[in-house]
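Trainee: Could you walk me through how to read a structure like this one? I would like the general idea each time, and then the case at hand.

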Amino acid sequence: MANLKLPYLATAALSGALFGSGLYVSQMVDPLKVLRFLDFTTIPSGGWDPSLAFVMGAALIVMFIAVRIGKGRQAPLFDTSFHEPEYRKVDRRLVGGAVLFGIGWGMAGICPGPAISLIAFLPENLWIFLVAMFAGSLAGSLIIPSGHARRLADAQ
Amino acid sequence: MESFTPLTAALGGALIGLAAAVLWLGNGRIAGISGIFGQLLPPAQTVVWRVVFLVALVAATFAAAQLFPTLGVGGDTPARLVEAPAAWGVPTPVWLAIAGLLTGLGTKIGNGCTSGHGVCGLARLSLRSLVAVLVFFGVAVITVTVTGIV
């Protein structure tokens, strides 16, 4: 099984470590900083914090190059194929899910990456958010069938 | 604008992009945290790498804060979650539970979050991801305005 071999797991660990460092360095671990980006009402007064756009922009540039490099290859280094999402249609589930996530994100300023990385600092009430997020994800899997093949078939 | 930190934002963003690049070119996997987090239950052979990824993510966040404590929250400044806006009369734990539920449910149904759709999807020029990103950013901006949380 390719995905239990050491290079595969080491790659996952390296990626996770880079991700966690990036979240701390960019200060996206701070829910208030995220909310100060999302609060457009402060733009006229000059109090807006555009940092999050710089985080996304820089991440996008690096990943865009990686995707280009990947296009020239048959397979990734440690697996037999790229696991590219096959379902392409914009449907009600996609939009509905994004709406629900947008409300949750706007309420707390915590998206899933920072939610996990905040475990490093254990702020008060974090566990409530994490347990609720896991429960929400489980509830969602009752709506979306589990397993790639079945999800794809169901969506189409 | 005192809180605007373009340099560390771009540097941290580049690290996040590198994380996504490593996972894509190494293992052919999308570094979408909601997906990695939301598929922690069996089948077991795909669970191991997700656990390894998430443990490394938390450990690196902690280590980075020890190495560079002056950057801010998690370092010299204690991390904290928001409190529920007083005008809504909802206790903070309930507010955060609702926010967490919506985040978990929404990212599951919508197949991704800020990293999966935002970083990976947009870089792959996925129309689904573009729509998702525009919708969740737009709705989040409206939510912040309506709730007056900041």
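Trainee: Which residues of α6(A) are buried?

Mentor: This is a predicted model, so read everything here as computed. In α6(A), the buried residues are A:Phe129, A:Leu130, A:Ala132, A:Met133, A:Gly136, A:Ser137 and A:Gly140. Around the axis they cover an arc of only 165°, which puts them on the same side of α6(A).

Trainee: Why would spacing along the sequence give one side?

Mentor: The general idea is that an α-helix has 3.6 residues a turn, so residues three or four places apart point the same way.

Trainee: What covers the buried residues of α6(A)?

Mentor: Elements of both chains do: the cover includes α4 and α5 of chain A, and α2 and α4 (92-109) of chain B.

Trainee: Can we try the reading on a helix of chain B? Which residues of α3(B) are buried?

Mentor: Those are B:Trp49, B:Phe53, B:Leu54, B:Ala56, B:Leu57, B:Ala60, B:Thr61, B:Ala64 and B:Ala65. Viewed down the axis of α3(B), the buried residues fall within an arc of 165°, so they line one face of the helix. The length check works here too: helix α3 of chain B (residues 47-67) has 21 residues, which at 1.5 Å a residue should span 30 Å, and its end C-alpha atoms are 30 Å apart, which agrees. Covering its buried residues are elements that include α1 (6-25) and α5 (112-117) of chain A, along with α2 (33-38) of chain B.

Trainee: How does chain B look as a whole?

Mentor: Chain B has six helices and zero strands, in the order α-α-α-α-α-α along the sequence. Its C-alpha atoms fill a box of roughly 50 × 40 × 30 Å along the principal axes. Of the 150 residues in chain B, 57% are buried.

Trainee: How should I read a nonpolar core?

Mentor: In soluble globular proteins, nonpolar side chains tend to be buried together. Here the largest nonpolar core has 94 residues, and A:Val55, A:Ala59, A:Phe129, B:Ile16, B:Ala19, B:Ala20 and B:Phe136 have the most contacts inside it. Helix α1 (residues 6-27) of chain B gives the most to this core, with 12 residues. The core also draws at least three residues from each of domain 1 (1-84) and domain 2 (87-156) of chain A.

Trainee: What does A:Ala59 touch?

Mentor: Leaving out residues up to four places away in sequence, A:Ala59 touches B:Gly13, B:Ala14, B:Ile16, B:Gly17, B:Ala20 and B:Val119.

Trainee: How many residues of each chain take part in the contact?

Mentor: The contact takes 107 residues from chain A and 101 residues from chain B. On the side of chain A that touches chain B, α1(A) provides the largest share, 17 residues. By class, that side has 69 nonpolar, 29 polar and nine charged residues.

Trainee: And how do the two domains of chain A meet?

Mentor: The centres of domain 1 and domain 2 of chain A, taken over C-alpha atoms, are 17 Å apart. In their contact, 10 residues of domain 1 of chain A meet eight residues of domain 2 of chain A. On the domain 1 side, α2(A) gives the most, with five residues. By class, that side has nine nonpolar, one polar and no charged residues.

How values were computed
Residues are numbered from 1 along each chain as its sequence is written. Chains are lettered from A and ligands numbered from 1 in the order in which they are written. This is a predicted model: local features need pLDDT of at least 70, side-chain atom pairs count only at pLDDT 80 or more; totals for chains, interfaces and linings use all residues. A nonpolar core is a set of buried Ala, Val, Leu, Ile, Met, Phe, Trp, Tyr and Cys residues joined through C-beta atoms within 7 Å. A residue is buried if 20 or more other C-beta atoms lie within 10 Å of its own, exposed if 12 or fewer, and partly exposed in between; C-beta atoms are placed from the backbone. Helices (H or I, at least four residues) and strands (E, at least two) are DSSP runs, numbered from the N terminus. Domain bounds come from an automatic or database domain assignment. Two residues are in contact if their C-beta atoms, placed from the backbone, lie within 7 Å. The expected span of a helix is 1.5 Å times one less than its number of residues. The arc is that of the directions from the helix axis to the C-beta atoms. Ala, Val, Leu, Ile, Met, Phe, Trp, Tyr, Cys and Pro count as nonpolar, Asp, Glu, Lys and Arg as charged, and the others, Gly among them, as polar.
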